[in-house]
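Please examine the sequence and the model shown below.

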Amino acid sequence: TRDDVDKDVGRTFQEHRFFQDEGGRRALRRVLLAYAMHNPRVSYCQSMNVLAGMMLLLMEEEDAFWLLAALVEDLLPGYYCQDLSGAQVDQLVLERLVQRRLPSLHARLERCSLPLQLAAVRWFMAVYVMTLPPGAALRVWDAFLLEGSSVLFAVALHLLQGAEERVGEDWDDTAVFDVLKGLGGDVVDADAVMEGARVHAQGLAVEVRALQEECRPLVAARLEHMRRAKEERRKAVAAAAAGAAAAESVPEAPAAAPTVPAAP
């Protein structure tokens, strides 16, 4: 854990003066390692450095620690554990929301076999810190902390609606993915983002909760299938290794004695 934290601390907001100073990097390291000790089941997961880093720009270390704990354990449960089960559920929920609310974009992504989560998972994991300019991201954080995770879906739908309007029918897969990957980077008006999200927010919280209930068993089954497949591979490798070891341990048969020719 310490090695992972040290590696990510060194590349967190490198352009910001606070983290160019060793004191800022030490503060971030302390918060992340303290949380890893506080919650060993989660320990540390990538994106937590970005979340804690943003918090440290706004508050003292102890407050950042407790806000990180609330976000990981209460606001986005299952996002930062080993199997990312909560994040997987919400990505499946987002896919279904896009199918319902932005059918043209969904059909376009289906035609080019482009999983939406390739672009969208980082939006949710980092709560848009790495997607939107800081001012707009903090507006999303305000609403998220007040209203809950449905805000993340509303913002995603607003951004994706912009992609639906931009993507051409004759665009190749790479061009479509580049549009998705770049969404949010050119935002200049935080108010426009929040107003656009509010358009999609009508009835969204209830819809998201219902879809989460539908998608959790699907993700659980997928994870269980992956676990069993991994276990079967482990057993196969172990059996092959045991067979090879047994073959090496079998002594060679002694050489046959030379045949003595019969006397004439």
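Cys81 is buried, with a relative accessible area of 13%; buried denotes under 20% relative accessible area, exposed over 50%, and partly exposed the range in between, with a 1.4 Å probe and protein chains only. Cys112 is likewise buried, at 7%. The model is a predicted one, in which local features need pLDDT of at least 70 and side-chain atom pairs count only at pLDDT 80 or more, whereas totals for chains, interfaces and linings use all residues. Residues are numbered from 1 along each chain as its sequence is written, and side-chain values use heavy atoms, with hydrogens and water left out.

How many disulfides does a search of the whole structure find? The search finds 0, a disulfide being a pair of cysteine sulfur atoms within 2.5 Å. For Cys81, the closest cysteine sulfur is that of Cys45, at 8.0 Å, which is too far for a bond.

The fold of the chain consists of 13 helices and 0 strands. Here helices (H or I, at least four residues) and strands (E, at least two) are DSSP runs, numbered from the N terminus. The chain is more spread out than a compact globule, because its radius of gyration is 26 Å, well over the 18 Å that the globule rule gives for 264 residues. That radius is taken over C-alpha atoms, and the rule is 2.2 Å times the number of residues to the power 0.38. Along the principal axes, the C-alpha atoms fill a box of roughly 115 × 50 × 35 Å.

Of the 264 residues, 42% count as buried. The chain exposes about 15,000 Å², of which carbon and sulfur atoms supply 54%; accessible areas come from the Shrake-Rupley method with a 1.4 Å probe, and for residues only the protein chains shown count as cover. Among contacts (heavy atoms within 4.5 Å) between residues at least 6 apart in sequence, 73% join residues at least 24 apart.

The charged side chains form 13 salt bridges in the structure, each defined as a side-chain nitrogen of Lys or Arg within 4 Å of a carboxyl oxygen of Asp or Glu. In one of them, Glu207 meets Arg100 with an N to O distance of 2.8 Å. This pair links distant parts of the chain, since Glu207 belongs to helix H13 (residues 204-249) and Arg100 to helix H6 (residues 85-101), 107 residues apart. Glu207 is buried, with a relative accessible area of 17%, while Arg100 is partly exposed at 49%.

A further salt bridge joins Arg139 to Asp191, whose closest N and O atoms are 2.6 Å apart. Arg139 lies in helix H9 (residues 134-147) and Asp191 in helix H12 (residues 190-201), so the pair ties together parts that are 52 residues apart in sequence. Arg139 is partly exposed, at 29% relative accessibility, and Asp191 is also partly exposed, at 37%.

Within helix H13, Glu213 and Arg216 lie 3 residues apart, about one turn of the helix. An α-helix has 3.6 residues a turn, so residues three or four places apart point the same way. The side chains of Glu213 and Arg216 meet in a salt bridge of 2.6 Å, N to O. Glu213 counts as exposed at 54% relative accessibility, and Arg216 as partly exposed, with a relative accessible area of 40%. Elsewhere, salt bridges that share partners join Asp6, Glu22, Arg25 and Arg29 into one network.

Which side chain of opposite charge is nearest to Asp90? Asp90, in helix H6, is buried yet has no salt bridge, and the nearest such side chain is Arg216, 6.3 Å away. In this assignment Lys and Arg count as positive and Asp and Glu as negative, while His and the chain ends are not counted. Not counting residues up to four places away in sequence, Asp90 touches Tyr79, Phe124, Phe153 and Gln212.

Phe124 is one of the buried residues of helix H8 (residues 117-125), together with Ala119, Ala120, Trp123 and Met125. The cover over these buried residues includes helix H4 (48-56), H6, helix H10 (150-166) and helix H11 (173-182). After H8 comes Val127, whose phi is positive, near 50 degrees.

Ser149 is found in the loop between H9 and H10 and is buried, with a relative accessible area of 18%. Leaving aside neighbours within four places in sequence, Ser149 is in contact with Leu75, Leu76, Phe144 and Gln212.
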